[in-house]
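Take a look at the structure below. This report goes through a few of its parts, one at a time.

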Amino acid sequence: MSTTQPDASTDAASTDAATEAGSTDAATGQDRAGGDAGEELGTLMWADPAELVVGVNTRTEVRLSAHFVADIRDRGVREPITVRRRDDGALVVRKGQRRTLAAVKAGLRRVRVLVEADHDPDQADQQGQIARIVDQLGENNHRAGIGDREEVAAHQELLELGLTAAQIARTTRTPAARIRQTTRVAASAIAAKAMARYELTLDQAAVISEFDDGTAEGIEAVKALTVCAAREPERFAHAAQRARHDREDRLLLTEACAAAREQGLPLMQTDADGDVDSDAHPAAQPLTALRPRVEDPEYTRLTVEDHQSCPGHAITLEVRRVWSDPEPTVATIAYCLDPDAHGHAPLYQRHITSSAPAPAAGPTSEQEQAAEKEAARAERRRVIEGNKAWDAAVAVRREFVRSLLARKAAPNNAALFVATAMATGGHELRKAFDGGNQLACQLLGVEVPSSWYAGKPSPLLGLLEGAKAGKATQVMLAIALAAEEDSLHRHSWRESHAGRNTRAAAYLSALKSWGYTPTYVEELVIDPDTEAPATDAPATDEPTETSGETDGETDGETVGESAADVDSADVDSVASTALTSTALTSTALTSTGQAPSRPPNRSARCRPARSRPPDLRPGAGRPVPAPGPFLTC
C-alpha cells in the first residue's frame, strides 16, 4: 500500500488542526474530544483512495452527483478521511465513504487520511461495532448544511471580490441555474433582506428580485409577493404570474400609447379603474354601439375607417389575453365623444310589442342613476379582476399538470378520472381528438401535430411503443386532462354560476386532490358559493416595531418571524432599508402601502396584484381595485 506523510508546506494547516483537536484542557486533564490526555491522536498521511477499503457503513445508498465529483477532482479531498488499520495492514474507511468513492471516480492519486490509533474491529467485536455505528450516525445526523441565506451571502462576497457568476459556478461546482438564482438575489438588497427576515426560499427570493427594478410598481409587487410568500406560500406561483402579467401589460400599453401619440391619434382619458372617464367624456359611446346616421337602417355598422374624419373620434387602449393564444395583444377601441352632436344614432332601437311586458321604470333621481352606474362599473371591475386572475392561473395550472404527467406513476384515482371522462363522452374529448390531442402532446413534451389529419401517426403512439401499464395510464391521463384543460377559457369561472362546466369542476377538483392549490376564481368553478378570502387589514400609520433593529437593519433575531405577523408595514421597513442606496428613497414606501406619485399618463390602475383577491361572486359588492392594463393616456 502506498502511504506517505503529507508535505509540511501543503498540509501544515491540517496538521495544526489535528494537533489542536488533541490538545488538553489544563483544568480537567481531558482532551477536548473527551478522551484521556494521554490518548494517541492518530497519524495524518497520504493514501491512494483506490487502495482504501470501504467497509461496512450505515449509509447503504451512495449518491455521487456530477458536481460533487467535479469539486473533488478540482480541489481534492479537503477534510481527511478517517480510517482504521486492519490486522492485515489494510486501511478501512470509518468516516468518509462518499469522499473516498468520489476521489476514486475523479481519478485522484492520493487523498488525506487520518489513521486512528485503534484497530478496525471485526464482526465479533460487539462493542467495536456499536461504536462504529454510533460514529457513522453522528457523522451524518448532526451535520447541518449551509442554508440558502448563507449561500446567497457567500456568493455576494465572491461577486464583490471580483468573480463573475460563471466563475462562481465553475469554481464551486454549483449548477449554473442555482448560481443564476443566488446571484440575482444577492444583487437585490430588497430580495436578500426579505429572504433573511421571513425565511423565504431561494426560488421565492429569486422571483421577488425580478421586480426590484426601482419603480413604484416594482416596489408594490415586491411587497405583495413577500406577504404572499409568508402567509400563503402555496399560492405564491399564482401571485408571481399575476405580477408578471401586470408588468407585461404596463410595458405593452406604454409602448402602444407612445406609438399612438406619434401617429397623432386622439387618446381618451381613463379613470382609476381603467374605464373611460365619464366626467371628462360624459356622452362618449363605442363605435360598436352606433350606426352612422339616424336615417341609416338599424344594425348598420359604423366602421373605424368611416369615423376617423368625425371631430368626435377618439380611441382607448387595453391589453387582451385570448385563451387560445398565450401572447397578449393591445386592442384599440374606437369611440365617438358625442354621437348626438355628430349625427350618429344607436345601432338599433329597442322595440316594445303590445304583448311584451313594459320595461321596468328606469332610475328617476340622480342618486338612483349614480347608484346604477356604480353598480355597472363594479360588475365590470369584478369581471376584469376575475379574468386577469384566471389568465395568471392558466400558466401555473398547466405547469402543474406538466409536472404531474412527468412523474413515474400516475396519481391516485387517475384511471377512474379517465374512465369517467370517456363514459361521459363530452364535447371536450371529441374536440381534443379532432384537433390531434395537441395540448396533450405539448404537456408530454412530444411533437405537436398541426391537426389529426396531418397525414402521419399521432406522436403519442411513440410513447406507447413497448410501454408498460403505468406509462400507458399516464398517456391516457394526459389526453383526458388536456381535453378538459383546453375546453376552459377565461369566462369559465362565471359560467359555473349557470350550472355549466360540470366537467370543468370535476377536472379542477381532481387537480386539487392531487396537490394543486387553486386560486379563488378556480374555486368558483368547483363551487360557485365559495366564500371570498378575507381581505388584508390596512396597515397602521405607525411603522411596525421589530426587535433587534438599528436604523432599519435587521439582525438574526428577526429571522423566523411568524407568517401571521407579516403585513405590508413589515415589508415596507425591509424594502425601505434596502432602497436607501438607490435612486428611490425610503419615503417611496409608507406604512399605509401607498405608492409615490406615478409618472404622467399612468393611472392608478397600473398597480401590482393584491395579496388577497376580492369577492368575485355576482352581487358580492364592490371589489378592491385591482391592477389593470389601462393607462391614462
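A residue counts as buried when its relative accessible area is under 20%. The model shown here is predicted.

**A covered helix**

Start with helix H9, residues 202-210. Seven of its nine residues are buried, so H9 is mostly covered. The buried residues are Leu202, Gln204, Ala205, Ala206, Val207, Ile208 and Ser209. What covers them? The cover includes helices H5 (148-160), H7 (176-186) and H8 (189-198). Helices H10 (216-231) and H11 (236-262) are also part of that cover.

**A strand with two partners**

Strand S4 (residues 81-85) is mostly covered too, with four of its five residues buried. S4 pairs with strand S6 and with strand S5, as the table shows.

| S6 (residues 111-119) | parallel | five | Ile81 and Val113 |

**Two residues with positive phi**

Positive phi also turns up in residues other than glycine. Tyr299 has a phi of about 70°. Its place is the loop between strand S8 (290-291) and helix H12 (304-307). Asn437 has a positive phi near 50°. Asn437 is found in the loop between helix H15 (427-434) and helix H16 (438-444).

Is each of these residues buried or exposed? Tyr299 has a relative accessible area of 52%, so Tyr299 is exposed. Asn437 has a relative accessibility of 5%, so Asn437 counts as buried.

**Two packed helices**

Two packed helices are described by the angle between their axes and the distance between the axes. Helix H13 (residues 366-405) packs with helix H18 (residues 469-487) at an angle of about 170°. Their axes are 10 Å apart. Because of that angle, H13 is roughly antiparallel to H18; the cut-off for this label is over 145 degrees.

Which residues meet in this contact? From H13 come Val394, Arg397, Arg398, Val401, Leu404 and Leu405. From H18 come Gln474, Leu477, Ala478, Leu481, Glu485 and Asp486. The residues of this contact divide into seven nonpolar, one polar and four charged.

Methods: Residues are numbered from 1 along each chain as its sequence is written. This is a predicted model: local features need pLDDT of at least 70, side-chain atom pairs count only at pLDDT 80 or more; totals for chains, interfaces and linings use all residues. Side-chain values use heavy atoms; hydrogens and water are left out. Axes are lines fitted to C-alpha atoms, for helices over the stretch in contact, and angles run from 0 to 180 degrees between N-to-C directions. Angles under 35 degrees count as roughly parallel, over 145 as roughly antiparallel, 65 to 115 as roughly perpendicular and the rest as oblique. Contact means heavy atoms within 4.5 Å. Ala, Val, Leu, Ile, Met, Phe, Trp, Tyr, Cys and Pro count as nonpolar, Asp, Glu, Lys and Arg as charged, and the others, Gly among them, as polar. Buried means under 20% relative accessible area, exposed over 50%, partly exposed in between (1.4 Å probe, protein chains only). Two strands pair if DSSP finds at least two bridges between them.
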